Amino acid sequence: MANAETSTAPKIQGGETLRFEHDGRVGELLPIVLLNTLLNVLTLSLYRFWSKTRVRRYLWDSTNLLGDRLEYTGTGGELFKGFLFVFFVIFLPIAAADTLVTLYFPPDHPIQVVLRLAVGLTFGSLIGVAIYRARRYRLSRTRWRGVRANQSGSSLAYSARYIAFILLTIITLGWVYPIMRMRLMGTMMNNTWFGDRQFHFEGSVGSLYKRFAICWFLFVGLLLTFGVTLKHLSSGFELATDAENIAEAGAAMATYGVVGSLVLGIVSGTAFCIYKAAELRHFAKCTRFERLAFELNATIGGLIWLVIGNILILLLTLGFGVAFTQMRKFRFFCDRLEARGTIDADAIIQSADQGPGFGEGLADAFDVGAI
Amino acid sequence: MLLTSVPSEPMANGAYFDGKSAKKHAVHVSLVGMELTIQAERGERLATWPLADVCAVYEDKHKSSMRLRVASASDTALIIEDHSLVSRIEPDLLRASRKRSDDSFIWLHAFGVICATAIVAAIFYFTFPLLTRPIADLVPVEWEKKIGVTVVESIPGANRFCNSESGKESLAKLTRSLSRVMDLPYPVSVNVARMELKNAFAAPGGFIVIGQKLIAEMESPDEFAGVLAHEMAHIAERHPISRLIHIFGISILFELMVGGDAAVVEALLEGTSLLLFLSHSRDDEREADKIARESLIKAGYSTRGLTSFFVRMQSAYGGDKKDALGPMSSWLSTHPSFAERIASSRNQNDDGGKPALSDAEWFELKTICDNNLTTRRR
């Protein structure tokens, strides 16, 4: 192979560490976000497909691996086509049927119940499809060194798993959650490709349960305490006889309600981060690509800071700053993700699959797009 | 002179991705005529790109390196870090080189989406009134009546009907003669009620309620006949149920169209849908005024009452103050301005026409709430 000598990219050998770098800047993202915001307002949000695309191009482009930038090749037009498809083929017929049935039959007619059930089931099963298909679209529009990523597999199969696990999670009061996360992630990662090479995801869920148990008991314990004390307070409210006592008890209850739900929110948020940090680390550990093993140095503190910062950004910008939260996520992963092992990048051949022609209509409708 | 006629070809080193594998080729790039020639270090030619098909993006802030793409092979890319070559080729590229943050932004797209939004909004605006009536015709009367009852019950005092016998007779007489000349989908049920609002309304299912406080303002039976004819015209056109369908339809459509990213955009859309609804509501009122006038004439009544009542309501409700807000106030209102309604009713003032009720009948109607016998319906 004469060409082999012309390669400037050394093979990554054992012991070497491969890092992602992210050099996106707030100062460069800001003009993008400002113009996008203006255009979204002017177009009653219809511009969102193009504004999302522009932000993605910037975020992908700001990420490099071994000195070569990722590229995002999707277009706003493709997202818009996805939206039109879902709007006309799925939502408009459902909405029309729904409207006609609601209007034509009296509210207490049994067909109303059948309709609600049918609509609910359709939407429920479409959420999993939306998540899976959106990921397929994004991967197929992601390129590194001219080679596309991809995702194979059936979105309906994913959706079936998704629904089954959600139901199981509810039935078991949350205890299936770590298994669900592992299985769903496994379904995605094992179907993920870069060029002609497949990712592998494998591992036991056992190690996640220690963290999960701590968080579960923390959350449930607090919830119970909150409920019981509130009940106690409200009985004081019922016992109160004169107006002054009632006002006093009412004020105490309101204060307790506000403070209590705030504390509950903060504690459950923290508990979630404690679990999530372990989960992210575990996911990375279970992932392999060729002879590369991954490691994600996700700390609890780092994750809490990411979450709190992003919530504040969204609150302060009334939701328009969502691109900044995405950049922070990118940075979080790029700063903390490492790959060790060997890989012969030169030998990776372009994927034969071009990916879907349009995408994310469902993800847009259900608002499940991660980026 | 001879020397410069054989210029050396501008050359640069770069990296090339051929789109077939993830291999990074170290290459020499040279400009030959209007084409970039990409050669491997050993000399074999990997690709030839006509400059007119090439576009470029600066890889970094300092514009020291540049990524070139060619239209004909979308997976390939060429990265060069040589300023002299860059400045030579830049003027001849497909389009001006851009910063990374500008990549993919096209003003034409933005402009196109703005125009498309305006067109979609216009389509909504014009087709909604056309669509709501046929859908309204699908609704069974029985069910429409059920909704009507709920509507009446939800308005404070609207179900505290007044029922002095003689007053009810006057009311029934007027209703009958107007019903004969109107094209009603089902019979109306008209009542005067001790409603808190000084107003009158028509609810789905043919329920018309006229507030006691409104009657107190009226100076002649013609004015009452005008208001009644207006409310009955709403029923004749099935406006109340059409409006419900309108609200329902718009909320569903907007729900489907809007992405959930920004709270402000959602608020904006709610505002837009309200403006749309109000505008159509004003169209309904104009139509009802027109039908009311026609029906009054057909029934042989004077239409003067309609005009004189609007005039009085205008002065009572500080029409001047409202006008001071300018056109905004008429946009934000469910009804057209009194000034407009007076003008259009004056245009076709007829003059003939008998009084709608005799003085005695009118007295009974005005005092319909005077006995204490009010009933709550159902």
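## A first look: one residue in chain A

E295(A) sits in strand β9 of chain A, which covers residues 291-296. Keep in mind that the whole thing is a predicted model. The rest of the briefing goes topic by topic, starting with that glutamate.

**Around E295(A)**

- Setting aside neighbours within four places in sequence, the contacts of E295(A) are A284(A), K285(A), E338(A) and R340(A).

- Chain A is built with eleven helices and ten strands.
- The C-alpha trace of chain A spans about 95 × 55 × 40 Å along its principal axes.
- Out of 371 residues in chain A, 31% count as buried.
- Take the contacts in chain A between residues at least 6 apart in sequence: 71% of them join residues at least 24 apart.
- Chain B has 13 helices and twelve strands.
- Chain B runs to 378 residues, of which 36% count as buried.
- For chain B, 65% of the contacts with a separation of 6 or more come from residues 24 or more positions apart.

**Where the chains touch**

**The nonpolar cores**

- The largest nonpolar core holds 46 residues, and the ones with the most contacts inside it are I208(B), V209(B), L228(B) and M232(B).
- Which helix gives the most to this core? That would be α6 of chain B (residues 221-236), with nine residues.
- Zoom in on M232(B): leaving out neighbours within four places in sequence, M232(B) is in contact with L178(B), M182(B), V188(B) and I208(B).
- There is also a second, separate core of 27 residues, and L126(A), Y132(A), Y162(A) and L362(A) are among them.

**Helix α4 of chain B and its partners**

- Helix α4(B), residues 165-181, packs against helix α13(B), residues 359-366, at an angle of about 115°, and the axes are 7 Å apart.
- Angles of 65 to 115 degrees count as roughly perpendicular, so that is the label for α4(B) and α13(B).
- α4(B) passes α13(B) in a left-handed crossing.
- From α4(B), the contact uses S166(B), G167(B), S170(B), L171(B) and K173(B), which meet E361(B), E364(B) and L365(B) in α13(B).
- That contact of α4(B) with α13(B) is made up of two nonpolar, three polar and three charged residues.
- α4(B) also meets α6(B): their axes come within 11 Å and cross at roughly 50°.
- The helices α4(B) and α6(B) are therefore oblique to each other, and their crossing is right-handed.
- Here L174(B), T175(B) and L178(B) of α4(B) face A225(B), L228(B), A229(B) and M232(B) of α6(B).
- Which kinds of residue make up the contact of α4(B) with α6(B)? It divides into six nonpolar, one polar and no charged.

- Most residues other than glycine have a negative phi.
- L44(A) is not a glycine, yet has a positive phi of about 50°.
- You'll find L44(A) in the loop between α1 (26-42) and α2 (48-61) of chain A.
- L44(A) has 21 C-beta neighbours inside 10 Å, so L44(A) counts as buried.
- L173(A) is not a glycine either, and its phi is near 55°, a positive value.
- The loop between α5 (155-171) and α6 (177-189) of chain A is where L173(A) is found.
- Is L173(A) buried or exposed? With 10 other C-beta atoms within 10 Å, L173(A) is exposed.

Methods. Residues numbered from 1 in each chain as written. Chains lettered and ligands numbered in written order. Predicted model: local features only at pLDDT ≥ 70, side-chain atom pairs only at ≥ 80, totals over all residues. Core = buried A, V, L, I, M, F, W, Y, C linked by C-beta atoms within 7 Å. Buried ≥ 20, exposed ≤ 12 C-beta atoms within 10 Å, placed from the backbone. Helix = DSSP H or I, 4+ residues; strand = E, 2+ residues; numbered from the N terminus. Contact = placed C-beta atoms within 7 Å. Axes fitted to C-alpha atoms, helices over the stretch in contact; angles between N-to-C directions. Parallel < 35°, antiparallel > 145°, perpendicular 65-115°, else oblique. Left-handed = near helix turned anticlockwise from the far one by under 90°. Nonpolar A, V, L, I, M, F, W, Y, C, P; charged D, E, K, R; others polar.
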